[in-house]
Amino acid sequence: MKKIGVFGGSFDPVHVGHTSLALYTLANAGLDEVWLMVSPRNPLKEKGPVASDSQRLEMLRLAVQDLPGLRVSDFEFSLPVPSYSWLTLSRLRDVFPDCSFRIIIGGDNWADFKLWKNPDLICREFGVIVYPRPLQPIPDVPKGVTVLEGAPQMEVSSTEIRRLIADGSQDSVKRLRNLLNLKVLDYITSNNLYKR
Ligand code: ATP
């Protein structure tokens, strides 16, 4: 049975925090692969994504193409929107019977995990790996949940990246080069994404 970590997100855009998290989890949580899965729409985010589904998928492909063990998936594109993780995991189990699946989430997602649909089912039948995020305590960890204590914490978010792009100052552009894969940065520039 191949052990797969499913790392879902808006990836609007994918940043180095996402790829570092995926690589660290792959190396430290006994997984064979991590599948980075673009969610068409997160039911708990007030605003929908800025970039289209296919643009976010393409950026993800550019960001992970040279990273062994990481795969990009558009599996949720064929599921009802918004995407609910319990349904995604159940369908994955049906389609890939030789794989076992658990989800990977950041500490901010753990904070509202109880608001997700069927959180107990997700813990019981699949499992959750939580990666710490700055300023996010991770309390009340039940059975079926693994916290990657001691993993390096990363001060970066897609919101900050969109803000830096809209700002467009020289300082912001410099900072972006450290927070984004350069092929992703080129893609954003050539497609005029996230400009004010
Ligand atoms: P936004 O700022 O638009 O809300 P985001 O940076 O949180 O975006 P998402 O695509 O919403 O990125 O996140 C996908 C997953 O990655 C979530 O589980 C989130 O918790 C996790 N994640 C994103 N950035 C980090 C980070 N710096 N540290 C830990 N987890 C992170």
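**Entry 1. Helix α3**

I began with helix α3, which spans residues 85-95. I noted that this is a predicted model. I listed the buried residues of α3 as Leu87, Thr88, Leu89, Ser90 and Leu92.

The peptide bond from Val81 to Pro82 is cis, and I read its omega as near 0 degrees.

**Entry 2. Strand β1 and its partners**

Which strands pair with β1? I found that β1 (residues 2-9) pairs with β4 (residues 99-106) in the parallel sense, over five bridges. One bridge I located joins Lys2 to Cys99 in β4. I found that β1 also pairs with β2 (residues 33-38), again in the parallel sense, over six bridges. Here I recorded Glu33 of β2 as the bridge partner of Ile4. I followed the chain from β1 through helix α1 (residues 16-28) to β2, and I noted that this β-α-β crossover is right-handed.

In the loop between β1 and α1 I came upon Pro13. The peptide bond that leads from Asp12 to Pro13 is cis, with omega near 5 degrees.

**Entry 3. Gly9**

I next looked up Gly9, which lies in strand β1. Is Gly9 buried or exposed? Gly9 counts as buried because its relative accessibility is 17%, and the cut-off for buried is under 20%. Leaving aside residues up to four places away in sequence, I found that Gly9 touches Met37, Val38 and Ser39. I also checked Gly9 against Gly106, which is 97 residues apart from Gly9 along the chain. Their C-alpha atoms are separated by 10.0 Å.

**Entry 4. Helix α6**

I turned to helix α6, residues 158-167. Its buried residues are Ser158, Glu160, Ile161, Leu164 and Ile165. Why do they lie on the same side of α6? They do so because they cover an arc of only 155 degrees around the axis. On the other side of α6 I found Thr159 and Arg163 exposed. I then asked what covers the buried residues of α6. I found that the cover includes α1, α7 (170-179) and α8 (182-190).

I looked at Glu160 of helix α6 separately. Glu160 is buried, since its relative accessible area is 16%, with the limit for buried set at under 20%. Not counting residues up to four places away in sequence, Glu160 touches Glu155, Arg175 and Leu179.

After α6 comes Gly168, and I noted that its phi is positive, near 70 degrees.

I looked up Asn118, which is not a glycine but has a positive phi of about 55 degrees. I placed Asn118 in the loop between α4 (107-111) and α5. Asn118 counts as partly exposed because its relative accessibility is 35%.

I then looked up Asp140, a residue other than glycine whose phi has a positive value near 50 degrees. I found Asp140 in the loop between β5 (128-131) and β6 (145-147). Asp140 counts as exposed because its relative accessibility is 57%, and exposed requires over 50%.

**Entry 5. The chain as a whole**

How many helices and strands are there in the chain? I recorded eight helices and six strands. From the N terminus on, I read the order of the elements as β-α-β-α-β-α-β-α-α-β-β-α-α-α.

I compared the radius of gyration of the chain with that of a compact globule. For 196 residues such a globule would have a value near 16 Å; the chain has 16 Å, so the two agree. Taken along the principal axes, the C-alpha atoms fill a box of roughly 50 × 35 × 35 Å.

I noted that 46% of the 196 residues count as buried. The chain exposes about 10300 Å², and I recorded that carbon and sulfur atoms supply 50% of this area. Lastly, I looked up contacts between residues at least 6 apart in sequence, and 68% of them join residues at least 24 apart.

Conventions
Residues are numbered from 1 along each chain as its sequence is written. This is a predicted model: local features need pLDDT of at least 70, side-chain atom pairs count only at pLDDT 80 or more; totals for chains, interfaces and linings use all residues. Side-chain values use heavy atoms; hydrogens and water are left out. Two strands pair if DSSP finds at least two bridges between them. Helices (H or I, at least four residues) and strands (E, at least two) are DSSP runs, numbered from the N terminus. A crossover is right-handed if, with the strands pointing away from the viewer, the path from the first strand over the helix to the second runs clockwise. Buried means under 20% relative accessible area, exposed over 50%, partly exposed in between (1.4 Å probe, protein chains only). The arc is that of the directions from the helix axis to the C-beta atoms. Contact means heavy atoms within 4.5 Å. The radius of gyration is taken over C-alpha atoms; the globule rule is 2.2 Å times the number of residues to the power 0.38. Accessible areas come from the Shrake-Rupley method with a 1.4 Å probe; for residues, only the protein chains shown count as cover.
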